[in-house]
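Keep the structure open beside you as you read.

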Amino acid sequence: MGTENDTVTVHVVTNGHPPPLDSGHARLRELGYKQELKRDLSVLSNFAFSFSIISVLTGVTTLYNTGLNYGGTVSLVYGWFVASAFTMTVALSMAEICSSYPTSGGLYYWSAKLAGPTWAPFASWITGWFNIVGQWAVTTSVDFSLAQLIQVIILLSTGGKNGGGYEGSKYVVIAFHGGILLLHGIINSLPISLLSFLGQLAAIWNVLGVFVLMIVIPSVSTERASAKFVFTHFNAENGDGINSRPYIFLLGLLMSQYTLTGYDASAHMTEETKDADRNGPKGIISAVGISIIVGWAEIFYLAFKRRYGTGVGGIICLGIVAVAIFFCGMSSVTSNSRMAYAFSRDGAMPLSSLWHKVNKQEVPIYAVWLSVIVSFCMALTSLGSIVAFEAMVSIATIGLYIAYALPIFFRVTLARKHFVPGPFNLGGYGVIVGWVAVIWVVAISILFSLPVSYPITIETLNYTPIAVGCLLILVVSYWIIAGRLWFKGPITNIQK
């Protein structure tokens, strides 16, 4: 399909009329934006980016022991269903709004349109900065987890701790992290058609990887659990000074909720997706829905086959997980760059004129490398203090979910009467589902901020609320000092 920037435009004419404009492209023009990115993604490709960022192999595997520590298999099996059900309400509400406003800006653009003219600039500013910082934290966390996993695989492959295996220092881990980010930057500099193929490959790997583990794990598992143990065992002996069973169960939800995040990627890819007003929402909902099913399969199976072992089979299992994490980080950088591209296009970021430029392949190349550099800088805090690093990456979940909830909140309050739905909508249930989603985000934000160990000391303090509070102070201060003087919310770049 030709665009305004094509040197040669070819149209297939039927009965003397050109073919109708892609519905996503048409809607983007109605919203006042040029088609600058290549619109080449199918609904499958759009789904694949979100699905590979959610990556149940990444989230479930890396945080499985957290679930076992807080409530055991009961928290894992039943907690997954609780978190999944409420997460789907968030996804449904986001999908409804995405259908109406299919732009790469996603959440911050939605907030601007739904909050009304008076509040639009500030609502857009807060949502956008929480979204982009949360995304950078996700990329940092994912790629750092992969760097640590590579270290573990090398350790096991060279004999293990007791066998004199090689155990890299924190500087080796940060070097791995930098190398991984470099590869992700190079991959994301490729044309979107190649990136689309890799995204679909990532989705396939995440699904098949779970089922391959189901085949491999029984042969290497050192422990097996009974059905009674899986469905009824509640681990209250966590060693963290917490005795309240309801409290322990709620902390056990953290694994599930951390895993089920990142699906705003489908919204950020809408300017590159065909018929985005329909396929963007499908990408969000299908990514969450299939992740719930595949994640349940992995959790349920791991609950029965409780350990990988440390031999060759165990290393193979870890290798499968490592590839999934690599794909997760790759797609995360893709989502980061599209958000940075859109946010800078509307003038919200320092050096905005640079970050929203696209190259000849219609890729926001500067936004890609900005995301890589920021994520690496965030990981450097691990060299000084692992506590500071963990506090920073804790923004990944709460920061993103706050950004998810803000446009939904505006949709069910300020925009309740004037919201114009797109092709996908929830009808009369939109407001009810939206309120459930907002309340759930408030609940998990409180939950992620609660102490996870007693007595509370400098070492055991949960720094998450401090990190999120500092981010809020910085964003609001930046708004008061400078932002309010020049940022007026999303701005159009075509003449209507």
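Leaving aside neighbours within four places in sequence, Tyr-263 is in contact with Ser-50, Ile-54, Thr-87, Val-90, Ala-91, Met-94, Ile-284, Val-288, Tyr-401 and Tyr-404, where contact means heavy atoms within 4.5 Å. Tyr-263 also belongs to the largest nonpolar core, which has 120 residues; together with Val-90, Trp-110 and Met-349, Tyr-263 touches the most other members. A nonpolar core here is a set of buried Ala, Val, Leu, Ile, Met, Phe, Trp, Tyr and Cys residues joined through side-chain atoms within 4.5 Å. Helix α6 (residues 120–157) gives this core its largest share, 16 residues. Apart from this core lies another one, of ten residues, including Leu-41, Phe-49, Ile-187 and Phe-327.

Before going further, a word on what you are looking at. This is a predicted model, in which local features need pLDDT of at least 70 and side-chain atom pairs count only at pLDDT 80 or more, while totals for chains, interfaces and linings use all residues. Residues are numbered from 1 along each chain as its sequence is written, and side-chain values use heavy atoms, with hydrogens and water left out.

Now step back to the whole chain. The chain holds 20 helices and zero strands; both are DSSP runs numbered from the N terminus, helices being H or I with at least four residues and strands E with at least two. Of the 496 residues, 56% are buried. Buried means under 20% relative accessible area, exposed means over 50%, and partly exposed is in between, using a 1.4 Å probe and protein chains only. Among contacts between residues at least 6 apart in sequence, 84% join residues at least 24 apart.

Which way does α6 run relative to α18? The two pack at an angle of about 150°, with their axes 7 Å apart, and that makes α6 roughly antiparallel to α18. Axes are lines fitted to C-alpha atoms, for helices over the stretch in contact, and angles run from 0 to 180 degrees between N-to-C directions. Angles under 35 degrees count as roughly parallel, over 145 as roughly antiparallel, 65 to 115 as roughly perpendicular and the rest as oblique. Residues of α6 in this contact include Ala-123, Phe-130 and Val-138, and those of α18 include Ile-395, Gly-399 and Phe-410. By class, the contact of α6 with α18 has 14 nonpolar, five polar and no charged residues. For these classes, Ala, Val, Leu, Ile, Met, Phe, Trp, Tyr, Cys and Pro are nonpolar, Asp, Glu, Lys and Arg are charged, and the others, Gly among them, are polar.

Next comes α5 (residues 107–115), which packs on α18 at about 20° with the axes 8 Å apart. That makes α5 roughly parallel to α18. Here Leu-107, Trp-110, Ser-111, Leu-114 and Ala-115 of α5 meet Ala-403, Tyr-404, Leu-406, Pro-407, Phe-410 and Arg-411 of α18. These residues divide into nine nonpolar, one polar and one charged.

Ile-395, Ile-398 and Ile-402 of α18 make the contact with Thr-464, Ala-467, Val-468 and Leu-471 of α20. Six of the residues in this contact are nonpolar, one is polar and none is charged.

Let's finish with a few single residues. Val-82 lies in helix α4 (residues 72–100) and, at 30% relative accessibility, counts as partly exposed. Beyond residues up to four places away in sequence, Val-82 touches Leu-253 and Trp-440. Val-82 and Leu-253 are 171 residues apart in sequence, but 8.1 Å apart in space, C-alpha to C-alpha.

Asp-275, in the loop between α11 (265–268) and α12 (276–304), has a positive phi near 50° without being a glycine. Asp-275 counts as partly exposed, at 31% relative accessibility. Leu-351, in the loop between α13 (312–345) and α14 (352–355), also has a positive phi, of about 60°, although it is not a glycine. With a relative accessible area of 59%, Leu-351 is exposed.
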